[in-house]
Amino acid sequence: MNADHAVQLRLLDLQAADTALAQLAHRRASLPELAALAELEAEVTDLGNDVVDSETNLADIADEQRRLENEVDVVRTRAVRDEQRMQAGGLPAKELESLQHEIISLARRQSTLEDELLEVMERTEEADRALGVLRERREVLDTRRGELTSVRDEAFAEIDRAANLRTTERAMIATEIPADLMALYEKAREHGGGSGAAMLRQRRCEGCRIELSGSELSAVRNAAPDDVVRCENCRRILVRTDESGL
Ligand SMILES: [Zn+2]
């Protein structure tokens, strides 16, 4: 393949733009804020589950409290009714005795239920506190997430600005490169992990860093300036300059 030597030199500028674009893409994908945000999201998810558990626990305790309160009401109503029947008088001795037993047993039951109610109310306070701690933690995480997101977005914007400039520059250079050379460059670039053209500097391919052998060097020396030469080792397009050591 042949191409003006000046055009071949432009391949190095094209390569520089492509390398810069690859570096920018890498920087964009590996911003430390991205890893920190992913970690934070995982913690927010766990915390969300804990909040749901804690709310469910509180609801269960509230159910239990209502059940106990209802039971206390039933016991109290029955005790009041028993008292009224006693005070009304005129009951046979046997019935009176059983009524007295019942009143004593109701009072005992009420006292037990009220102790349980107190215990449930203590558990409510404790569960409320636990939920409060979780909600505070969530607020802290939300704030941190907001900060990280804005740092990330600023970095994205800066990287994207730089990438846009490079993309424009690359497009301008590409218009100077003939289609067949461009196709060769793209193919070599794909094969070369993002690098398709390399300078020959001091008899060394800057792509694979291997020094050309005697026969390779003489082949390059004998090539016309517009011959497109390639590294025998890495197949990149070798661009000759004053520094090639030929
Ligand atoms: Zn090479």
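Mentor: A crossing is left-handed if the near helix is turned anticlockwise from the far one by less than a right angle. In this predicted model, H2 passes H3 with that left-handed sense.

Trainee: How do you know that the span of H2 agrees with its number of residues?

Mentor: Helix H2 covers residues 32–88, which is 57 residues, and at 1.5 Å a residue it should span 84 Å. Its end C-alpha atoms lie 83 Å apart, so the two values agree. After H2 comes Gly89, with a positive phi near 70 degrees.

Trainee: Now the metal. Why is the site of the zinc ion called tetrahedral?

Mentor: Start with the protein donors: the SG atoms of Cys205, Cys208, Cys231 and Cys234, 2.2 to 2.3 Å from the zinc ion. The angles among the four donor atoms are 104 to 118 degrees. Along the chain, the donors follow the spacing C-x2-C-x22-C-x2-C.

Trainee: Which parts does the pair Cys208 and Cys231 tie together?

Mentor: Cys208 sits in the loop between strand S2 (204–205) and helix H5 (214–222), and Cys231 in the loop between strand S3 (229–230) and strand S4 (237–240), so the pair joins parts 23 residues apart in sequence.

Trainee: And why does Cys231 count as buried?

Mentor: Its relative accessibility is 3%, and buried means under 20%, so Cys231 qualifies.

Methods
Residues are numbered from 1 along each chain as its sequence is written. This is a predicted model: local features need pLDDT of at least 70, side-chain atom pairs count only at pLDDT 80 or more; totals for chains, interfaces and linings use all residues. Side-chain values use heavy atoms; hydrogens and water are left out. Helices (H or I, at least four residues) and strands (E, at least two) are DSSP runs, numbered from the N terminus. The expected span of a helix is 1.5 Å times one less than its number of residues. Donors are N, O and S atoms within 2.8 Å of the metal (3.2 Å for Na, K and Ca); water is not among the atoms, so sites may look incomplete. Four donors count as tetrahedral if all angles lie between 85 and 135 degrees; four count as square planar and six as octahedral if opposite donors are over 155 degrees apart and all others between 65 and 115; anything else is irregular. Buried means under 20% relative accessible area, exposed over 50%, partly exposed in between (1.4 Å probe, protein chains only).
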